[in-house]
Amino acid sequence: LVNYSKIKDSSDVRVGITASRFVGPAVIRNKLKRWVRQYFREASLENRSYGLECNFIFKSNNKEFFRELQYSEFQKSADKFVQTIFK
């Protein structure tokens, strides 16, 4: 998982998701996209004075890696990413 981010002056949150077909079949790619959207829905980003642009790029280690990945593991990784943005 490769993440790029940028903090902006406006209060918009924009999220980009890239998952090529080498990550796995469409079912797996769509699951990853749903997870990213769900993560940002659950994140408490309402009380902020900044904007955020993020791009999640899923790279293929092997096709079984993302099939076996659990949401809790993804959430921990995304939490670390968001914490590094605001340091």
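Student: How many helices and strands does the chain have?

Tutor: Happy to start there, and please keep in mind that this is a predicted model. The chain has three helices and three strands. Read from the N terminus, their order is β-β-α-β-α-α.

Student: Why is V82 called buried?

Tutor: V82, found in helix α3, has a relative accessible area of 17%. Buried means under 20%, so V82 counts as buried. Across the chain, 31% of the 87 residues count as buried.

Student: What separates V82 and C54 in sequence and in space?

Tutor: They are 28 residues apart in sequence, and their C-alpha atoms are 9.5 Å apart. As for contacts in the chain between residues at least 6 apart in sequence, 84% join residues at least 24 apart.

Student: Which residues have the most contacts inside the largest nonpolar core?

Tutor: They are L32, F40, C54, F56, F58, F66 and F74, in a core of 19 residues. Two or more residues each come from α1 (26-42), β3 (51-58) and α3 (71-85). Of these, α1 gives the most, with six residues.

Student: K31 is buried. How do you know that K31 has no salt bridge?

Tutor: Look at the nearest side chain of opposite charge, which is E73, 9.7 Å away. A salt bridge needs a side-chain nitrogen of Lys or Arg within 4 Å of a carboxyl oxygen of Asp or Glu.

Student: Where is K31 found, and what is K31 in contact with, leaving aside its neighbours within four places in sequence?

Tutor: K31 is found in helix α1. With those neighbours left aside, K31 is in contact with F66, R67 and L69. F66 is also among the residues with the most contacts inside the largest nonpolar core.

Student: R29 is buried too. What makes R29 a residue without a salt bridge?

Tutor: The same test applies. For R29, in helix α1, the nearest side chain of opposite charge is E64, 13 Å away. The cut-off is 4 Å, so R29 has no salt bridge either.

Student: Which backbone oxygen does the side chain of R29 reach, and why can that be called a polar contact?

Tutor: The side chain of R29 reaches the backbone oxygen of G24 at 2.8 Å. The cut-off for a polar contact is 3.5 Å, so this pair lies within it. Leaving aside neighbours within four places in sequence, R29 is in contact with A19, S20, R21, V23 and G24.

Terms used:
Residues numbered from 1 in each chain as written. Predicted model: local features only at pLDDT ≥ 70, side-chain atom pairs only at ≥ 80, totals over all residues. Heavy atoms only, no water. Core = buried A, V, L, I, M, F, W, Y, C linked by side-chain atoms within 4.5 Å. Buried < 20%, exposed > 50% of the residue type's maximum accessible area, 1.4 Å probe, protein only. Helix = DSSP H or I, 4+ residues; strand = E, 2+ residues; numbered from the N terminus. Contact = heavy atoms within 4.5 Å. Lys, Arg positive; Asp, Glu negative; His and termini not counted. Polar contact = N/O pair within 3.5 Å; in protein donor to acceptor, adjacent residues only side chain to side chain.
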